[in-house]
Structures are given as structure tokens and as C-alpha cells.
Amino acid sequence: MVTTRRAARAAAEANDTVMDSPSRSTSTPRSSPFLPTPLERAGLVLFPALLIFGTIFSIISPQTRAAPYDPIAQSHFQDPSVSPSYFARKSNLFNVLFVKRGWAWITVAFFVFVFSHPSTTDTGRRVRASLRWVAVTTMWFLVTQWCFGPALIDRGFRWTGGRCELARREVEFGSDTVGDKVTAVACKAAGGKWKGGHDISGHVFLLTLGTAFLMQEVGWAVLRWSGKRNEERCVVMTDGALKSANVESDTSLGEGSERPALGLGGKFAVGVMGLSAWMLLMTAIYFHTWFEKFTGLLTAVTAFYVVYIVPRFVPAVRQVIGLPGI
């Protein structure tokens, strides 16, 4: 009897996989649980594409190339008469009201979607989605705000030889306590200059991670709810078997196919993602060196991988935070 039940369950799971992939032959390999799916890769390529385009534009644009640049401030001179664009000035409203409060906007967009979209009405889904938000927010906090002292961005700057210019005299006299403890915010607030090291682009990190986070949480939930795309994700089960993520879902694919896909919360999240992508492009054109932007991107992709890819091949983690849309 036990064998019969197991066989029936295995048959149901196999049938579910076939239904998910009607256009694929049985010999088609599954997506690797260790890598983003083809759809995810198509979305993730947006970020390096924006950075590459922005960097090239900053080089070939006569106006941008001719504008004086301050390597310490990592921006063009802020005088409107010489600044190459409104978006090149740190005082522009999009930077002040959106980017500087970026994680708050990402958080609001996420929770508006989670508590308004019909695909997330289940309490368990909301709890798991909230835990993923906690995980991603922790990554953002450690990198940009505080990591048992200075944030990882500040630590990286100091590890690569960076100092606060106010601490130079103390260092010359054999003490580097100020240089070791000060952060970029504290240094600039005291009138010093944060210079000499490699400064990971916090804006690139924030905008990339926040947009990728919303892509995952909104994208998979909406696609499964509307049934507009088959499930691509595969997961490693506790027994080592590789199966479609559908086997862990308690709802069927396309259960909301007759209703609006995005809803108000989804549209708001798409708006936040669009503005984030635009400001990422502006950052690529007017701020930071190409290597600082690259390390900001790399740090964001690493955080994304830990929260959204690792659970697919580590069942213990997946049992806690789940997968978006499942």
C-alpha cells in the first residue's frame, strides 16, 4: 500500500512536470538549480547592459566628456553652469527623494504588492515573502549601513588604502584610530574627504538589488497567477532528486488567468522598478568609475544569488523562506 501511494505521488509529480512543459520533449534537460533560469538571465542582463551603455555614453558624449569631474566626490562639479545634466547633480529631486530613500521605496512597493495581490492572500506565502524581504534587507543593511561597526562598503574602502583626510595628521604621528573607525558619512559630516581607496558604488548596489528583488517577488507571483509562462525553476529535494518547483506549490498554475495580472500593487512595483532602472542608468553615466560600478553590481548579484538561488539547492533554507510565487 505504501509503495502504491509513493508510485501515485511520483506519477503525479511527473505529470505536473509534463504539464508545465508541454512544448518540451522528455529528453530536454531541466534548468539547473544552481543558476538563474533563462527568463531570470534575460532580466538580470538588464543591469550590466545599463552600466555598459551608460559608461560608453559618458565617454562619447561631448557634453559629458567636457564637463569637469571631481574624482574625490566621484561626480561632476555640482555648479549648474558646468554640470553636464540635471541628473549629474546630486541635488536633483530624483536622487534626493527616490535614490537616497531607495530601500524605503523598494520596501513599500513590496508590501503593497504582497498585501494587495490575490496571488499572495495565503498567510504562509506572506510570511515566507516577508522572510525573504528580511534576508535581502539584511544584505542591504550590512553592505551599506552597518556591519558590526562600519558597513562593508566603508570597510572595503579602508582595506584598499582609503582614509578620511581629517585623520591624516594623526596617522603621520603614528596613530590611525580615527582613520580606522570613521565612516564615509562621519568623515564627510565632519568636513573631511573620503579618499584613497576603492569605493564600491552604493547606488549601483542598491538599485540593482532592489530591482532584482522586486522582479523576483512580483514577477514569479504574477506569472504563476496568470499562467502566462510555464514554471522554469527546478529545486533539489531532500532526497537529492531534481524536480520542478511546482511540486512544492499548493496552488495550480494559472489560477487567476481570468483576472487582471498585475493589479494596483503590481503596477506600483513596476513603476518603482522602472524609476530604479532609470536612475541606475544616470549613475552609470555621471557617477563613479567603471570598476566601482562593476563591484557594486557584483555585490548586488552575490546577494541576489544567496537569497534566491541558494534555496533551490538547499532544501533546509527553502523550507524557511520558500520561493516567490510558490
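Reply: The model is a predicted one. The largest cavity in it holds about 100 Å³ of space. Thr-120, Ala-129, Arg-132, Glu-217 and Gly-325 are the closest to its centre among the 15 residues that line this cavity.

Me: What makes a space a cavity rather than a pocket?

Reply: A cavity is a set of points where a 1.4 Å probe fits but cannot get out, whereas a pocket is an open set. A search of the whole structure finds three cavities of 30 Å³ or more. The second largest cavity has about 60 Å³ of space. The largest pocket, by contrast, has a volume of about 950 Å³.

Me: Which helix gives the most to the lining of the largest cavity?

Reply: Helix α7 does, with four residues. At least two residues each come from α6, α7 and α12. By class, this lining has eight nonpolar, three polar and four charged residues.

Me: Which residues lie nearest the centre of the largest pocket?

Reply: They are Lys-100, Val-185, Lys-188, Gly-202 and His-203, out of 32 lining residues. The lining divides into 14 nonpolar, 12 polar and six charged residues.

**Helix pairs**

Me: Why are α6 and α7 called roughly antiparallel?

Reply: Helices α6 and α7 pack at an angle of about 170°. Angles over 145 degrees count as roughly antiparallel, and α6 and α7 are therefore roughly antiparallel to each other. Among the residues that meet are Trp-103 and Phe-110 in α6 and Trp-133 and Trp-140 in α7.

Me: How do you know that α3 and α14 are roughly antiparallel?

Reply: Their packing angle is about 170°, with axes 11 Å apart. The cut-off is again over 145 degrees, and α3 and α14 are therefore roughly antiparallel. Phe-47, Pro-48, Leu-51 and Thr-55 of α3 make the contact with Trp-290, Lys-293 and Leu-297 of α14.

Me: Where does UniProt place the feature "transmembrane region"?

Reply: The unreviewed entry places it at several spans, including residues 131–153 and 204–223. In the model, residues 131–153 are 70% helix, and residues 204–223 are 100% helix.

Conventions. Residues are numbered from 1 along each chain as its sequence is written. This is a predicted model: local features need pLDDT of at least 70, side-chain atom pairs count only at pLDDT 80 or more; totals for chains, interfaces and linings use all residues. Side-chain values use heavy atoms; hydrogens and water are left out. On a 1 Å grid over the protein atoms alone, a cavity is a set of points where a 1.4 Å probe fits but cannot get out, and a pocket is an open set with protein on both sides within 12 Å along at least five of seven lines; lining residues have an atom within 4 Å of a point. Grid points are joined across faces, edges and corners, and a volume is the space filled by probe spheres set on the points. Ala, Val, Leu, Ile, Met, Phe, Trp, Tyr, Cys and Pro count as nonpolar, Asp, Glu, Lys and Arg as charged, and the others, Gly among them, as polar. Axes are lines fitted to C-alpha atoms, for helices over the stretch in contact, and angles run from 0 to 180 degrees between N-to-C directions. Angles under 35 degrees count as roughly parallel, over 145 as roughly antiparallel, 65 to 115 as roughly perpendicular and the rest as oblique. Contact means heavy atoms within 4.5 Å. UniProt positions are given in the numbering used here, feature names are shortened, and annotations may be inferred rather than shown by experiment.
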